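This report looks at aromatic side chains and at a nonpolar part of the surface. Please read it alongside the model.

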Amino acid sequence: MRLSLKAVVFAAALLWGVYGMFLTGVLNLIMPPYGEHFLLTMSSVYPGYHMSRTLPDLLVGTGYGLADGAGAGLIFGWFYNVFANNAAG
């Protein structure tokens, strides 16, 4: 069975961008200690994103998360399809 690359890219982008970065950032705005270490770690990974607890930085982090998730989903889906084809014969 082959995976739809478009569906995997979209799902991974939403998972990491929205649920990983955006939701953690919003919860950090509401309850300041929530996810602080995670967001500080992401600020060291994503250039231009700073964990300053502002809306523009939240949107920059979300954009990075969407792009990062989409790239990871594309790579995962591609590898899955390659290995699924080789396993099927």
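In this predicted model, Trp78 counts as partly exposed, its relative accessibility being 48%. The ring of Trp78 pairs with that of Phe79: the ring centres lie 5.1 Å apart and the planes meet at 65°, and because planes over 60 degrees apart count as edge-to-face, the pair of Trp78 and Phe79 is assigned to that class. Phe79, which is itself partly exposed with a relative accessible area of 39%, also pairs with Phe83, where a separation of 6.0 Å between the ring centres comes with planes at 10°, so that this pair is stacked.

Phe79 and Phe83 both belong to helix α3 (residues 55-88), and because they are 4 residues apart in it, about one helical turn separates them. Together, Trp78, Phe79 and Phe83 form one aromatic cluster, and the structure as a whole holds 5 aromatic pairs. The accessibility of the three cluster members is set out below.

| Residue | Relative accessible area | Class |
|---|---|---|
| Trp78 | 48% | partly exposed |
| Phe79 | 39% | partly exposed |
| Phe83 | 55% | exposed |

The class of Phe83 follows from the cut-off, because exposed means over 50% relative accessible area, and Phe83 has 55%.

A further feature is a nonpolar surface patch of about 380 Å², to which Leu29, Ile30, Met31 and Tyr34 contribute.

Terms used. Residues are numbered from 1 along each chain as its sequence is written. This is a predicted model: local features need pLDDT of at least 70, side-chain atom pairs count only at pLDDT 80 or more; totals for chains, interfaces and linings use all residues. Side-chain values use heavy atoms; hydrogens and water are left out. Patches are made of residues with over 30% relative accessible area and no salt bridge: like charges are joined within 9 Å, nonpolar side chains (Val, Leu, Ile, Met, Phe, Trp, Tyr) within 5 Å. Accessible areas come from the Shrake-Rupley method with a 1.4 Å probe; for residues, only the protein chains shown count as cover. A salt bridge is a side-chain nitrogen of Lys or Arg within 4 Å of a carboxyl oxygen of Asp or Glu. Rings of Phe, Tyr and Trp (its six-membered ring) pair if their centres lie within 6.5 Å; planes under 30 degrees apart count as stacked, over 60 as edge-to-face and the rest as tilted. Buried means under 20% relative accessible area, exposed over 50%, partly exposed in between (1.4 Å probe, protein chains only). Helices (H or I, at least four residues) and strands (E, at least two) are DSSP runs, numbered from the N terminus.
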